[in-house]
Amino acid sequence: MPRLKWLQGLLLTGVLVLTSVVAALPAYADFISANSTLKNDGILPMIKVFEKLDHGCWGEGAAPPDRVEPGEKVSWRAESCDLSIGTGTEGEVWYRPYGASDDVVYRFYWDVPTFGTNTAQNGGNPGCTHSQSGPGDGNNVYIDFTVACKASTIDNIPDIWKLHPVVMDPDGDGLNKQEIDLNAMGAAVGQKDIFVQFDWMADNTHNEQFSTAALRRIIATYNANGYFLHIDAGPQSPLDTTGATWGNLSRARAVGYQAQLGNVMINPSGGATYNWTAFDAIKNAAFPATGRGEIFRYVLAADRIGPAAVRGLTRSGDTDVIFSLNSMANDADNEVAVFMHEIGHSLGLGHGGDSKNNFKPNYFSAMNYLFDFEGITKNGVTNWDYSHGGQDPLNEVNPPGLDESIGLGAKGKGFTTSHFCPDRVVAGVSIPAGRIPVPDAGNPIDWDCDGVIAAPGTKVSADINLSNNEPAGTLNTLVDHDDWKAIDITRGDIGRYDQPAVEAPIVTEVDDLPPEHAEVLPVDTTPPVTTAESAPAPNAAGWNNTDVTVTLKPTDDISGLARTEYSVDDGPWTVYTDPVVLSTDAVRTVKYRSTDRSLNTEEAKSLTVKLDKTAPTVTYTGAKETYGILETVDITCTAADNLSGVDTTTCKDISGPAYDFDPAGNTFSATATDVAGNTGQASSVTFKLVVTYADLCTLTKRFVTNEGVARANAMCAQLDAAERAEDRGNVTAKTNAVNAYLNQVSAAVSGHYLTPAQAIILKKLAAAL
C-alpha cells in the first residue's frame, strides 16, 4: 500500500510542499529500520557467504554474523541513513550450510522503503527448510527468518549433503578442498546411510584386502535391514549389490604391509589393552586429507595385532576399526564375520547386544561369540546377521529356572545354538568344560548337562553362557536384544559438523580377547562307548567265589560324558559314581550305558557275573551206629551244590557185608568242590560191629565148603566152649577155646575148606570176642 508514513499528518492538512517536507524530517537518521533474526533450527552451521545493502546501512554493531551455529538465533539491523533522498533500507544476506558446495545458499532479503510496501523473502536449494514471519507495516519492522538443514533419518547425514556434493576443506586454507558426492555413492534422502573407508595392508606377497564377494554380502545384509552401507574398499570394490564399483569416487588405498600392527598386551590380571599409535600413524597419513572424517568410518585390514585369536578391534566409543584375520584371511565367511562383528561394536553393540554379557544361547547375533565366526544357522542355512530380538528370556536362577523340555521354545525352532557345560567328574572321568552345540534350539536342551531332560514343569538352574565379563557360575536372566533397532550410526566423528574431532583414546581395553572355553565343540552324533571290568576275574568256568567289583569305564571323544548308569538284575537305572560290588550268590546281570552332553545315549550293554560263594554239601544217609556181622551196611553219600554245581568229590557210598568192616570201629568222610571253586566237607559217619559167638558160628558155617561141614561144626564147638567160659568168667578157658578156633580156621585153609580171605575175616572177628 503506497505510503509516506511520517507525512500522513501533513497530508491530511493539505500541506505538501517539498521544503516543508524536508523541514519536517525527524532529527535522527534511522527513522526506518529492518530488525531481522535468523534462527538455525538445523544440525549444520550456517556460513555467511554474501551480504549486500542496496539502501540504508547497518546499525552500529548490528551487521549479520559470519556464522550461525545449530540452535543459535542471531540478529542484524539495517536502517535508513541517507536523509537527503529518504531511501529506507533494502538488503540481503546469503548463508551456505557447512559442507555444502558454493552453489548451495540460502538468501534472506528485506525491503522497507520510504514509500511503498514492506517486503521480505527467503529462498534456497532443496534439502533445507526455510521460512520467515514479518515484516508487517510500519517504519521499524521485525523479520524472523528460520533455516533448518537436517537429516531426515537417524544417520545424521544432512539431506542437503545427500542432494548436493559435499565440499570439505580439511586443511582450512582453501587450497585442498575435497568434493564428496554422496549421492553418486548411493546416498539418498530418507535412507539410513553408513559410509566406511576401508584401507588395507599389502605388499608383493601379502594382500589383506577383502574380497568383492564378502563385501557384497555385507552390503546386502545391511540393505535388507533398512541400512544402506557404502564400503569404499578401493576403486574396484562394489559400490552396491548391482555390480557397480567405486571407480574415481574411491579414496581407499593399500598401505604398507606390517607383520604386526602394534601389540595387544595381556595384563597380569587377565585383561588386555591395545595402543593405537601405529594405527593412527597410518590413518593420519592420508585419511584426514580426504575430508571424509565427519561422514566415513575408518577401517584398516591388517595382518595381526597380537595373539592370533584377536581377529579385530574397535576403538572404544569411536569409529576406528582394525581387522586382523591373519591365517583366516582370504576367506569370504571370515571376512563377513569380522566385519559384522567389529563394525557392530562401532555402532554401539556389545557382545550381549546392549551389554557385555556374552555367549547367550538366545541371542542370535554376529556380536555373540557363539556366532561371530560360526555364523547363525537356521533351518540349515548359515549367514551373519545382527539379532532382530524376539527370543524369550532364559532365567538361569531357579526359580523360575530353565525348562529343559522346551529348549528355547517355538521361537527358537530351527536355530542352531550352544550352551556351556562346566568341568565335572563323570564315572570317575574328568570331563573338561565346553560349549555344547544344539542342532535345533526349539527341541529339549540339557541345560544342566546331567545327561537327562528334566520332566516338563521341572526347572533347573545352571550357568549356561559363562560370559567372559563375570565369574564362572554367575546366574543371570539372559535376554535377547534387537540389534538392528538399537544400532547408533552417529558415534565418534560422524555428524560433528565442523566441531573439534572427538579425541580418541590412545590405549583402550580389548574386549574381543576370547576367553577360555570360547570355542564351541563340534557337533556330536556319536554315542559314548562304555566298557565293564569285573574283579577278580572269574575262573576258567566263568564263576567267582568271592565278592565281585564291577568297574565301568566310559569314553566320549567329542562333547564329553554327561552320565553313566547301571542296572542290576533289571532293577532301576542308577547313576554310576563308584564301582559296584556284587556280594549275593546268583547269576547276576549288570546292564550299563552312558550319555554324552549332546544327549547321545549308547545302546545298553550287559555283563554277566556268576557268583557262588557257598560250598557244596556232602551228606551220608542210611548209617547205623552198630551192625551185626551178618547184616549188610548200606550207607549213601551225596554231594550237592545248588548254584554252580559239583565239580569234583570224594563222596562214595559205603556198602557191603558188615563183616568186611572193622569190628573196632569205622569212620568215613568226604569232600566236594563246586564249579566256582568252593570246597565243602561232610560230617564223618562212624559205626561199629557187634560180634557174637552165635553170629560168628553162623558165618563160619557159611564160609566153609560142603566138604568141611564137620570141621565147621568143630569150630562152632570151640566158639560155644569159649562163650560158656566167658559166662563163667573163666578167661583162660575162653582164651584157650578161641585159640583153638583160630587154629582150626587155619587148618581149614590148608584143607581148602576156607579161602585165605575168609580166614582173615573170621580171625578178625574172633579177635573182637
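Predicted model: local features only at pLDDT ≥ 70, side-chain atom pairs only at ≥ 80, totals over all residues.

Me: Into which domains is the protein divided?

Reply: Domain bounds come from an automatic or database domain assignment. Here they give domain 1 (33-149), domain 2 (184-348 + 491-509), domain 3 (354-485), domain 4 (529-611), domain 5 (617-690) and domain 6 (693-767).

Me: What is the area buried between domain 5 and domain 6?

Reply: The size of an interface is often given as the accessible area lost when the parts come together. Buried area is the accessible area (1.4 Å probe) that two parts lose on being put together, summed over both. For domain 5 and domain 6 this area is about 710 Å², and carbon and sulfur atoms give 72% of it. Ile629, Leu630 and Tyr659 supply 75% of the area that domain 5 buries against domain 6, more than any other three residues. In terms of contact (heavy atoms within 4.5 Å), 7 residues of domain 5 meet 9 residues of domain 6.

Me: Which residues of helix H11 are buried?

Reply: Helices (H or I, at least four residues) and strands (E, at least two) are DSSP runs, numbered from the N terminus. Buried means under 20% relative accessible area, exposed over 50%, and partly exposed in between (1.4 Å probe, protein chains only). An α-helix has 3.6 residues a turn, so residues three or four places apart point the same way. In H11 (residues 756-766), the buried residues are Gln758, Ala759, Ile761, Leu762, Leu765 and Ala766. Seen down the axis of H11, they fall within an arc of 160°, so they line one face of the helix; the arc is that of the directions from the helix axis to the C-beta atoms. These buried residues pack against strand S48 (685-690), helix H8 (693-703) and helix H10 (731-750). On the face turned away from the buried side are the exposed residues Pro756 and Ile760.

Me: With which residue does lysine 52 form a salt bridge?

Reply: Side chains of opposite charge can pair when their charged atoms come close. A salt bridge is a side-chain nitrogen of Lys or Arg within 4 Å of a carboxyl oxygen of Asp or Glu, and by this rule the count comes to 33. Lysine 52 pairs with glutamate 92, the closest N and O atoms being 3.6 Å apart. Lysine 52 lies in strand S2 (residues 46-55) and glutamate 92 in strand S6 (residues 89-97), so the pair ties together parts that are 40 residues apart in sequence. Lysine 52 is partly exposed at 33% relative accessibility, whereas glutamate 92 is buried at 7%. Lys52, Asp54, Glu92 and Arg107 are linked in a network of salt bridges.

Me: Is serine 36 buried or exposed?

Reply: Serine 36, in strand S1 (residues 33-40), is buried, with a relative accessible area of 1%. Leaving aside neighbours within four places in sequence, serine 36 is in contact with Val74, Ser75, Trp76, Ile143 and Phe145.

Technical notes:
Residues numbered from 1 in each chain as written. Heavy atoms only, no water.
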